[in-house]
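Trainee: Could you pick one spot in this model and walk me through its surroundings in some detail?

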Amino acid sequence: MKKAIITGATGAVGTALVKELISHNVEVLVFCREGSKRNEQIPEHKLVTKRYCSLSELGNVQNDTGKTYDIFYHFAWEGTTGTARNDMYLQNQNVKYALDAVAAAKRFGCHTFIGAGSQAEYGRVEGMLKPATPTFPEMGYGIGKLCAGQMTREYAHQLGIKHIWTRILSIYGPNDGAQSMVMSTINKLKNGEVPQFTKGEQMWDYLYSGDAAEAFRLLGERGIDGKIYVLGSGTARPLAEYIKDIRNIVKPNAEIDLGAIPYSERQVMHLQADVDELHNDTGWTAHTTFTEGIENILREQ
């Protein structure tokens, strides 16, 4: 891989992937939305070029760079939090944008399209999540991601492009959204607030963004056409343990309120990735511990 394109490069995974690619001397073209304050989070480097192109403009963006790119990473997605996750019209629009991204990949000469799916495609599952685990999404976000994965695969193959779909579990790291459990807990503790949670009995799988970025780079180099990969650390612990780890690093002995929030009606109680296929095909293994990841976040704040 010599040149790559990334949409959604301002979040935890996207910014980490930009850093990962330039560390391997890969030229990166970032499609970003004009006027977004988050554009400041895109690493500044001689190998990185920003181009204003929102999701709604993907269908018309033309390759006037004079260059041919190799991999197209599509991370951008609208309506990832709150009630927007169940906005059916919005999630359906995201499917169209994903198809537009495949067409753009073709125009820019990419031989591989890598899409970012979600554990939400599975719904509630007891046990390890494998690529072949049956999918029963329970909200618009998961339904949209599942549809996007299937339709972009078919469309990419129609255009002669290799297709890889990656179902991401819980990623944390620098530049993560302020509303995530990890970032909101860190910020509340630093502000002297008492963060509130469920009982934290959920078995959860957290993966550091730098490790996720390495996985995406390796998938671009070694991933197999048509495959679905599940991306997580491969290990799970009770959510309460992660919360206590954050407290012990950010503000030891600070009060946290476990059990203040009831479980939701559709609460996922077990989230764990089976990463065997990913490891077997690419050699990837997670190597950053949760506490190391939290310390990295604090250093960059």
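**A serine and its helix pair**

Mentor: Let's take Ser209, which sits in helix α5; helices here are DSSP runs of H or I with at least four residues, numbered from the N terminus. Keep in mind that this is a predicted model, where local features need pLDDT of at least 70, side-chain atom pairs count only at pLDDT 80 or more, and totals for chains, interfaces and linings use all residues. Residues are numbered from 1 along each chain as its sequence is written, and side-chain values use heavy atoms, with hydrogens and water left out.

Ser209 counts as buried because its relative accessibility is 2%, the cut-off being under 20% relative accessible area with a 1.4 Å probe, protein chains only. Neighbours within four places in sequence aside, Ser209 is in contact (heavy atoms within 4.5 Å) with Ile171, Tyr172, Gly173 and Pro174, and also with Ala12, Val13 and Ala16.

As for geometry, α1 (residues 12-23) and α5 (residues 209-222) pack at about 60°, axes 8 Å apart, the axes being lines fitted to C-alpha atoms over the stretch in contact, with angles from 0 to 180 degrees between N-to-C directions.

Notes. Helices (H or I, at least four residues) and strands (E, at least two) are DSSP runs, numbered from the N terminus. Buried means under 20% relative accessible area, exposed over 50%, partly exposed in between (1.4 Å probe, protein chains only).
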